Amino acid sequence: MAEFLLHVNGAPLHVNAPADESLLSVLRNRLHLTGPKYGCGEGQCGACTVLLDGEATRSCLVAVGSVANAKIVTIEGLEQNGKLSAVQQAFLDEGAFQCGYCTSGMILSATSLLQRTHKPTEQQIVEAMDGNLCRCGTYPRIVAAIQRAAQSMPAKGASR
Amino acid sequence: MSLHDQSSPEFARGSYHEASRSVQLDRRDFLKVLGGGVLVCLTPTSAWTQESGRTFGGHELPKDVSAWLHIAAVGKVTVFTGKVEVGQNIRTSLAQQVAEELRVPFDSITMVMGDTDLTPWDMGTFGSRTTPTMGPQLRTMAAAARETLVQMAAQRWQVDAATLTAADGKVTDSKQSRSLTYGELTRGEKLVKIVSSEERLTPVTDWKIAGTAVPKVGGRDFVTGAHKFPSDMVLPEMRFGAVLRPDGFNATLASLDTSAAEKLHGVQVVRDGDFVGVVAPDAYTAQHALSAIQAKWNVPAQPSNEGLYEYLKNNPESSGEESPQHVAGSVTQAIASADLQLENQYTVAYIAHAPLEPRAAVATWADGRLTVWTGTQRPFGVRDELVQAFHLPAAQVRVIHPDMGSGYGGKHTGEAAIEAARLSKAAGKPVKVIWTRQEEFTWAYLRPAGLIEIKAGARRDGTLVAWEHHNYNSGPAAIGTPYDVANQIIQYHPARSPLRQGSYRGLAATANHFARESHMDALAHAAGLDPLAFRLKNISDTRLRAVLQAAAEKFGWGREKSTPGRGFGMACGTDKGGYIATCAEVGIDPASRKVRIRRIVEAWESGAIVNPDGLRNQVMGAIVQSIGGALFEQILFANGRILNPHFAQYRLPRFSDVPRIEVVLLERKDIPSAGAGETGIVGLAPAVANAIFAATGTRLRSMPMAPLHKEQHASSAQFHS
């Protein structure tokens, strides 16, 4: 056990955890941020995706000891002053979910994609999102939601 | 940190004695909690209608109530049903139907679902039963509630109820230009009305809220992460549990050393016969403790994938003679005299449901009473499992279902609930258990594998004359042919499955459609007929004809001929009141024999549409899910072990596997709504198999058709003839 200072959703948070505990486990079980989900623990499904310095990252594969200096954003950190991010709003508008378990990982992967590539082609969306599983099979709606979000975001300096 | 040896505890003896003081909110307390207002209960037996109008006090509600609805003094409507929301959108579609009949705004309705203390008993959420059964029941109840409110207004105003109208949460007397909100009418009342299913319902053609694309209830909570799934539940003082798994199925514990685990800070090892679990202060330590346990297991020799289908055929569940489900005419004679005869075998592999949220439960004991939050399609079934496991009266167990990360037929059982309850009981604290992905692949149950043998005969002109269909192990769902055939033998042969198997979205309808529709395609080719024309020649069911023609038209069937690189195929069928036709286009690289599904058109009809957006989402999702079982999903096993219990080895459909998909919804407002969560899954596999044949001349008769090799992880799958 060691104490770590994490920067999560814009706030400094102190947490006691073994250095090799996964960031996912720390977020969910020690910081009560349950938006990131466990799906496989092996980086294969993307349900645990968070942003690490803006990059979509599988939090199940990252040890908490390695992220002390990084800025971590979970699904709980996207909404600003009660306003959904463009990607969140687009998922809602497209109804791009069924059970919703994959949704937080999908939204963060999409957020990361749109920060890198403001107007992705369909092929770029498919490639960027291929590591995120939706067992309910809502992929076509998720692609539509990402395209909608891209349309609604300012052309330059797109933020979350 | 002591080893709690519970090797002969209450589980074995059935003598659970603990000072138990019920803290259950019983039905009457529950009504008190609801406060004043009007409570309407629905029972299928009309005898209870005589009992209507009683007050709450001392009133015993009938045992066979299937749902109830409460209108509070502020006009807020709460509906209670034992069904559960798992992504199929019934929280929304059921509320729409209540709003419609009750004449209230949609957002005044709250659905309380799948809580064994608060909702009436329900068998479970499966078999596409919610829409055709619970839908009309809730509509009946809401219509009765509306009539009650109109009567109350008529009494208050001393006018004829027939002169009043109910709309937008109010009863209006237009002659006198006055109205009362439902809240004003129910204030101060404590009325119980028990109704049977005899109310007049609003015709579908008059629907204003039902039948529209109301967005999913609670949608915002799914995009903000606020929604609490079963695995997200947290209780004060909660500990984390994990369970030691055997090395293989049917294994027995040979030796056990838990000393290293017990030395870990805060860890408690719980043993009960061959059940070994740990309880720890945090999830990390629980897994750490589990891996510190040294256990040796005796695993008996068991069957493997090799020779599975012969095994299923040669190991019937019962030793006696089985009789066919359906016999008509004489298949033997008809085949002997048919111009065309065709006989073949088809197989489907075991596949996993792989819900993205694995089994999860949080259990807590208080005063001998057990409460468990868990993800399950059968909250009352899981309550019964807990009652049995702990020898408790049913009233001492409460199961609560937070809307879960889906199930697809795979979460009928309460394994995690029982494990969490066992560990919680031993620890004296609430305990959470979440299965790992490997546990979910290994210790849940699978869609049955199966062997299907079909023998068919047709005349030269394409008229089907004989059909014999035998299904070994996979199941009887949709085993009957929807085609007009005078001579038939249809038989399902249950087998002793070497792996644990159970329900799956669509059950065996996928396997039976795969075999039947592949065989129909082969017959069409043998007769030299177009597959569409051949099917239409043998279908008199107008609903099936309609979806087939709609799909063919949207797809542009017959506009282009298949080539070695590009094939077109179709399939159709019906199950659980849903009618489906699927057209597929596949692309094939002739050199590598890699296949890719390029386009799917699926026409769907299931009577009146309750929510077109939700319906479209279900059908689309079923199509996408079916890609996996059609092309690459299969459980590999040997000697009691699953060989590919990880997503890296068991590929699920991903973004890159998804073709262009067009869903054509046909509506029959004159036909009651059928459930739509399952049958959309049955058409893709045979349509793709038939498209591959059209392109290559190779008939693939085994699902999955293009199994991935371990090193493959590409978006296109290779098939081997």
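Colleague: Why does B:R200 count as exposed?

Modeller: Its relative accessibility is 73%, and exposed means over 50%, buried under 20% and partly exposed in between, with a 1.4 Å probe and protein chains only. So B:R200 falls in the exposed class, because 73% is over 50%. This is a predicted model, where local features need pLDDT of at least 70, side-chain atom pairs count only at pLDDT 80 or more, and totals for chains, interfaces and linings use all residues. Residues are numbered from 1 along each chain as its sequence is written, chains are lettered from A and ligands numbered from 1 in the order in which they are written, and side-chain values use heavy atoms, leaving out hydrogens and water.

Colleague: Where is B:R200 placed, and which residues does B:R200 touch?

Modeller: Look in the loop between β10 (190–195) and α6 of chain B; helices (H or I, at least four residues) and strands (E, at least two) are DSSP runs, numbered from the N terminus. Not counting residues up to four places away in sequence, B:R200 touches B:A143 and B:R146, and contact means heavy atoms within 4.5 Å.

Colleague: What makes the meeting of B:D232 and A:R28 a salt bridge?

Modeller: Their side chains are 2.8 Å apart, N to O. The rule asks for a side-chain nitrogen of Lys or Arg within 4 Å of a carboxyl oxygen of Asp or Glu, so this pair qualifies. Between chain B and chain A the count is 6 salt bridges.

Colleague: How many residues are in contact between the two chains, and what area is buried there?

Modeller: On chain B 56 residues are in contact with 52 residues of chain A. The buried area is about 4300 Å², with 57% from carbon and sulfur atoms; this is the accessible area (1.4 Å probe) that two parts lose on being put together, summed over both. B:V223, B:L356 and B:F655 supply 21% of what chain B buries against chain A, more than any other three residues.

Colleague: How do α5(A) and α17(B) lie to each other?

Modeller: Their axes come within 9 Å and cross at roughly 115°. Axes are lines fitted to C-alpha atoms, for helices over the stretch in contact, with angles from 0 to 180 degrees between N-to-C directions. A:Y139, A:P140 and A:R141 meet residues of α17(B) including B:D613 and B:R616.
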